[in-house]
4 protein chains.
Amino acid sequence: MTTPIPLIPAGSLMARLKETCPEDWRAYVEHDFVRRLAAGSLPEACFRHYLAQDYLFLMHFARAYALAVYKSEALDDMRQAAATLDALINAEMGLHVSYCAGWGLTEADMAAVPEEPANMAYTRFVLERGLSGDLLDLLVALAPCVVGYGEIGARLLADPATARDGNPYGQWIETYGGAEYQEVARAAVDQLERVAARRIGSDIERSGRWPSLAATFGAATRLEVGFWDMGLAPPG
Amino acid sequence: MTTPIPLIPAGSLMARLKETCPEDWRAYVEHDFVRRLAAGSLPEACFRHYLAQDYLFLMHFARAYALAVYKSEALDDMRQAAATLDALINAEMGLHVSYCAGWGLTEADMAAVPEEPANMAYTRFVLERGLSGDLLDLLVALAPCVVGYGEIGARLLADPATARDGNPYGQWIETYGGAEYQEVARAAVDQLERVAARRIGSDIERSGRWPSLAATFGAATRLEVGFWDMGLAPPG
Amino acid sequence: MTTPIPLIPAGSLMARLKETCPEDWRAYVEHDFVRRLAAGSLPEACFRHYLAQDYLFLMHFARAYALAVYKSEALDDMRQAAATLDALINAEMGLHVSYCAGWGLTEADMAAVPEEPANMAYTRFVLERGLSGDLLDLLVALAPCVVGYGEIGARLLADPATARDGNPYGQWIETYGGAEYQEVARAAVDQLERVAARRIGSDIERSGRWPSLAATFGAATRLEVGFWDMGLAPPG
Amino acid sequence: MTTPIPLIPAGSLMARLKETCPEDWRAYVEHDFVRRLAAGSLPEACFRHYLAQDYLFLMHFARAYALAVYKSEALDDMRQAAATLDALINAEMGLHVSYCAGWGLTEADMAAVPEEPANMAYTRFVLERGLSGDLLDLLVALAPCVVGYGEIGARLLADPATARDGNPYGQWIETYGGAEYQEVARAAVDQLERVAARRIGSDIERSGRWPSLAATFGAATRLEVGFWDMGLAPPG
């Protein structure tokens with residue numbers, strides 16, 4: 001029997017970024033929204049609110065990956081970011097639309113929903129960080145989302161305490177815990193490592209840039225917490 | 001006796017943008033935070049919280065004006081934006097620091113304050129709108145702040161109901177209602193008009209771009225409302 | 001027998017942009033480099049020089065389309081630009097590499113070639129125009145290349161005077177004159193029209209923005225002339 | 001008697017960047033255009049051509065400093081870049097205009113001059129490098145100009161072989177060799193050092209980013225050579 005390679009290997013840049021803000025990270029990945037997804041006890045209104053905002057979120061995340069293509073210095077980075085962009089606007093947004101249809105939300109519904117401030121804060125922070133900084137700043141701002149959802153999905157899927165029978169959020173858990181998304185998250189962990197080597201070098205934590213990267217990662221993680229908070233507070 | 005020229009002339013682009021979201025605009029300029037400033041009844045903790053966030057806000061607004069310089073196609077637009085940038089980082093931020101000192105807030109205090117999500121949402125929205133769009137999109141995103149503060153200041157200063165004697169917020173009202181700031185706001189109204197003529201033409205409301213400009217203006221106005229809400233809810 | 005729809009319909013935005021700089025346009029599409037391609041008389045050293053620079057050019061053009069995705073306000077514009085990006089980095093650059101291999105140029109050769117100033121001037125002008133302006137400015141800067149190559153290809157392919165037997169540049173002509181590329185060029189003509197309607201409206205030539213758009217188009221056209229000039233002057 | 005501190009101290013980042021492309025650097029600072037300025041033998045048509053292009057150049061360089069303000073993470077960097085921006089658009093462009101007037105060139109003349117490809121290549125390369133990279137990439141792209149002119153000016157001013165009596169280019173030499181400009185260049189050398197420490201750390205040449213920084217510096221230096229070449233080849 002082989003031990004699977006963990007999504008976030010010890011000593012990887014992603015692991016070290018998480019260690020700079022352990023409480024924020026826990027507040028994110030173990031958020032009440034997540035617990036209730038696992039238990040199947042999340043009110044449907046909360047999930048629908050989250051789904052509708054997530055549609056707008058995905059569009060801005062696709063724009064962030066387009067920006068990553070633009071900011072790449074190497075063809076392999078361009079290709080990886082372009083593949084993620086393609087997956088987002090051609091596959092994921094379509095899946096999202098059909099998944100939402102199952103919850104009674106049409107694409108027109110979602111396009112008509114006003115963007116919540118917590119959503120704007122997160123997406124615009126990421127985009128603006130990418131524009132004012134370089135590719136590494138952008139990837140670090142994206143990491144809590146891309147990799148964090150992978151960590152959450154894998155944990156919930158493996159956890160025997162996760163409600164399975166009749167859990168209305170079972171498909172969400174299977175999507176992010178499943179092999180396909182795990183591969184996406186893993187590729188993001190690797191790209192972070194590779195781009196950091198190119199943009200800084202081998203001794204990243206001793207770099208003058210480390211405090212700035214940690215600040216970006218921490219801010220993005222707290223904005224994820226705000227996104228879950230928003231999910232728990234549907235309007236009206 | 002002459003009638004002064006109003007800050008926002010009827011028919012100006014600024015006036016027409018306000019007319020696209022009258023309720024949001026009223027929620028902003030007549031916000032409870034503003035009423036209590038005028039009455040002198042705003043709790044000090046709220047004002048201090050607002051001031052500390054405003055320091056971070058000013059820094060990002062200065063960055064937005066730098067972006068406006070970069071995005072200008074004409075030398076006069078470059079010069080106007082550069083003058084605002086200079087005023088922000090050399091005069092206003094200094095004034096802000098000395099004003100805050102009077103409230104017991106040091107520059108180090110302010111630099112150490114965590115940026116509130118409402119602050120991030122607003123500043124990053126403006127910057128990102130400017131980067132993804134053109135100079136006009138950026139100026140429209142900036143207008144609710146620059147011109148709105150002028151409208152609020154002038155109204156409070158002229159209103160006989162505004163508390164004067166011993167109002168701890170008297171200086172704030174005098175700053176934004178005073179001649180110097182009114183000139184800044186007026187110049188912003190004019191620049192909006194001039195840049196819209198260059199980037200669209202004479203019939204702006206019939207332009208295909210009008211819905212997008214109105215959406216930007218409305219979003220920025222609602223983010224101003226969120227900024228006042230944040231002011232009323234200091235941490236701890 | 002039906003008359004085919006012309007690539008650049010009379011009255012289209014593309015047609016009107018061409019009319020603002022007819023001499024520059026002619027200097028570009030009827031350049032000596034093009035004439036010699038058609039006649040099969042272009043010295044091989046010129047073509048190889050052009051091909052090697054074109055590889056670098058394609059990479060920056062892919063980055064420009066990534067920027068167009070980022071700058072899109074509508075999902076259909078995002079998707080169209082993302083499809084072009086995908087075609088460029090996954091199909092065209094690969095085709096270019098295998099085509100170049102037929103001319104004895106390896107991918108390593110091309111990556112090692114110093115970028116010519118004429119190449120830098122063109123690609124960076126387009127990217128910077130897109131960043132300082134909006135999506136329409138970017139698409140107008142891209143149009144002379146995307147649509148112009150379509151016009152050249154179609155004309156050479158249809159022209160009975162074009163050398164066919166043993167013309168070493170026959171494949172180049174077939175590529176750009178062929179149905180697949182004609183579709184790409186046509187989609188670019190349409191997108192220009194659609195985005196101009198969104199960003200300006202119906203009366204584009206009377207818009208205050210027309211001189212700036214015409215200036216961008218003219219500059220990009222002259223930079224295409226410079227690119228052909230560069231092709232005719234291989235180093236050494 | 002004290003030895004003055006050299007503009008580019010040994011071991012400074014600027015010195016090490018120069019060492020990555022010694023031949024290109026020499027081709028730039030010892031260019032024929034420079035030699036003839038020193039000798040007073042440069043044809044007037046060449047100088048006038050250079051001056052007219054330099055006016056457009058300064059405008060784009062001012063935009064690059066505005067971008068540096070936007071991309072700054074620290075208030076001191078914002079202030080330094082804003083001071084340079086202010087100097088460029090309020091002092092230098094004015095001086096340039098009055099200086100050019102002495103050569104019979106009006107501001108209207110200069111605004112009407114078509115931008116040369118060598119000018120576009122350089123300015124757009126710098127701006128685009130700054131947009132796709134971070135503040136350090138931008139400052140490295142700006143360094144050959146800002147610091148190089150300081151090195152040239154100081155050398156010509158100190159060189160006994162420089163023609164003094166009746167040299168029509170004496171004022172140019174005094175401007176760039178004079179104390180005021182030397183201070184500007186020195187501040188740029190220092191800022192490069194400070195920002196590199198923040199964005200990389202102490203061991204810059206062993207950083208994974210060094211090849212990219214050296215490539216940017218070399219490209220900008222060669223584009224300066226192209227700018228002098230352009231000066232020597234006035235149209236018509």
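Tutor: The axes are lines fitted to C-alpha atoms, for helices over the stretch in contact, and the angles run from 0 to 180 degrees between N-to-C directions; helices (H or I, at least four residues) and strands (E, at least two) are DSSP runs, numbered from the N terminus. This is a predicted model, in which local features need pLDDT of at least 70 and side-chain atom pairs count only at pLDDT 80 or more, while totals for chains, interfaces and linings use all residues. Residues are numbered from 1 along each chain as its sequence is written, chains are lettered from A and ligands numbered from 1 in the order in which they are written, and side-chain values use heavy atoms, with hydrogens and water left out.

In chain D, helix H9 (residues 170-177) packs against helix H10 (residues 179-199) at about 45°, their axes lying 5 Å apart, and H9(D) and H10(D) are therefore oblique to each other. Where they make contact (heavy atoms within 4.5 Å), Thr175(D), Tyr176(D) and Gly177(D) of H9(D) meet Ala179(D), Tyr181(D) and Gln182(D) of H10(D).

Buried residues (under 20% relative accessible area, against over 50% for exposed and in between for partly exposed, with a 1.4 Å probe and protein chains only) in H10(C) include Tyr181(C), Gln182(C), Ala185(C), Ala188(C) and Val189(C). After H10(C) comes Gly201(C), with a positive phi near 140°.

As for the assembly, copies are superposed by least squares on the C-alpha atoms of residues with pLDDT of at least 70 in both. Chain D can be laid on chain C by a turn of 180° with a shift of 0.0 Å along the axis, at an RMSD of 0.0 Å, and that is the relation of a two-fold axis. The C-alpha of chain D nearest this axis belongs to Ala121(D), 1.8 Å away, and 100% of the contact residues of chain D recur in chain C, so that the same surface serves both copies.

Key
Parallel < 35°, antiparallel > 145°, perpendicular 65-115°, else oblique.
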